[in-house]
Amino acid sequence: MFGICAFSIAPLLHHSNDARQLPVPSLAIMLVGAFRTRLFHPMQKIGFAEALDSIVKSDPRYERDAYVFLRDALDFTTKQQKKAKGTSVRHVSGPELLEGLRQYALKEFGPMVMTVFDSWGIHSSEDVGNMVFNLINAGIFGKTEKDSIEDFRNVYDFQEVFVKPFAPEKSAVTRPRAELPAPKPAASRK
């Protein structure tokens, strides 16, 4: 499951499966106290623009605009899920993100999706997974222990989901060509 890293610690406190961990309210109080007394210094947050500079420099396969689009597609996906579920969504799975990305791309670019994606270096769902994990490694997106790059392998075929919806429909029944009447023999002049 993936999500944009939150600025608060609360989302992280609800995802542990370790029964030996302190109850969430006690842990939250301890951590807040540690921040206030400066016993614990959080890492300095890197901005999205700076992270993209670093990512594109280290992995030039994908254009900067592709990452901006991916972040927007994640926002779109979480909003769609919130509408459907009636509650806020902190994380989405790889296939859920790809479905949201598909819907958002069709909405934004229509029949030009493949042209835009090709110019950005995105050719498959695996490319989206690589970008997600680049953002995770940069600290922009978060992940759970269950999340894997494998979540993005062969989820859908880009030609099938981005080209086929705009392809002209072929007629299932072929009509025989209309036959023209045979020409009448010319009358002779005598």
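Predicted model: local features only at pLDDT ≥ 70, side-chain atom pairs only at ≥ 80, totals over all residues.

Me: How are the rings of Tyr156 and Phe162 arranged?

Reply: Edge-to-face, because their planes stand at 85°, with the ring centres 6.1 Å apart.

Me: How many aromatic pairs does the structure hold?

Reply: There are 13. Phe109 and Trp120 make another edge-to-face pair, with planes at 80° and centres 5.9 Å apart. That pair links distant parts of the chain. Phe109 sits in helix α5 and Trp120 in helix α6, 11 residues apart.

Me: Which residues form the aromatic cluster?

Reply: Phe69, Phe76, Tyr104, Phe109, Phe117, Trp120, Tyr156, Phe158 and Phe162 form one cluster.

Me: OK, core next. Which residues touch the most other members of the largest nonpolar core?

Reply: Phe117 and Phe162, in a core of 38 residues. Two or more residues come from each of α3 (48-58), α4, α5 (94-109), α6 (113-120), α7 and α8 (158-163).

Me: Which element gives the most to this core?

Reply: α4, with seven residues.

Me: Back to Phe117. What does it touch?

Reply: Leaving out residues up to four places away in sequence, Phe117 touches Phe69, Leu101, Ala105, Ile122, Phe158 and Phe162.

Me: Let's do helix packing. At what angle do α4 and α5 cross?

Reply: Roughly 105°, and their axes come within 8 Å. That makes α4 roughly perpendicular to α5, since 65 to 115 degrees counts as such.

Me: Which residues make the contact?

Reply: From α4, they include Phe69, Leu70, Ala73, Phe76, Gln80 and Lys85. From α5, they include Leu97, Leu101, Tyr104, Ala105, Glu108 and Phe109.

Me: How do the residues of the contact of α4 with α5 divide?

Reply: Into 10 nonpolar, five polar and five charged.

Me: And how do α4 and α7 pack?

Reply: At about 85°, with axes 11 Å apart. Here α4 (residues 64-85) meets α7 (residues 125-137). So α4 is roughly perpendicular to α7.

Me: Which residues meet there?

Reply: Ala66, Tyr67 and Leu70 in α4 meet Val128, Met131, Val132, Asn134 and Leu135 in α7. Seven residues of that contact are nonpolar, one is polar and none is charged.

Me: Where does Asn154 lie?

Reply: In the loop between β2 (141-143) and α8. At 68% relative accessibility, Asn154 counts as exposed.

Me: Last topic, the overall fold. What pattern does the chain follow along the sequence?

Reply: β-α-α-α-α-α-α-α-β-α. That comes from eight helices and two strands.

Me: What share of the residues count as buried?

Reply: 33% of the 190 residues.

Me: And what share of contacts join residues at least 24 apart?

Reply: 70%, among contacts between residues at least 6 apart in sequence.

How values were computed:
Residues numbered from 1 in each chain as written. Heavy atoms only, no water. Axes fitted to C-alpha atoms, helices over the stretch in contact; angles between N-to-C directions. Helix = DSSP H or I, 4+ residues; strand = E, 2+ residues; numbered from the N terminus. Parallel < 35°, antiparallel > 145°, perpendicular 65-115°, else oblique. Contact = heavy atoms within 4.5 Å. Nonpolar A, V, L, I, M, F, W, Y, C, P; charged D, E, K, R; others polar. Core = buried A, V, L, I, M, F, W, Y, C linked by side-chain atoms within 4.5 Å. Buried < 20%, exposed > 50% of the residue type's maximum accessible area, 1.4 Å probe, protein only. Phe/Tyr/Trp six-rings, centres within 6.5 Å; stacked < 30°, edge-to-face > 60°.
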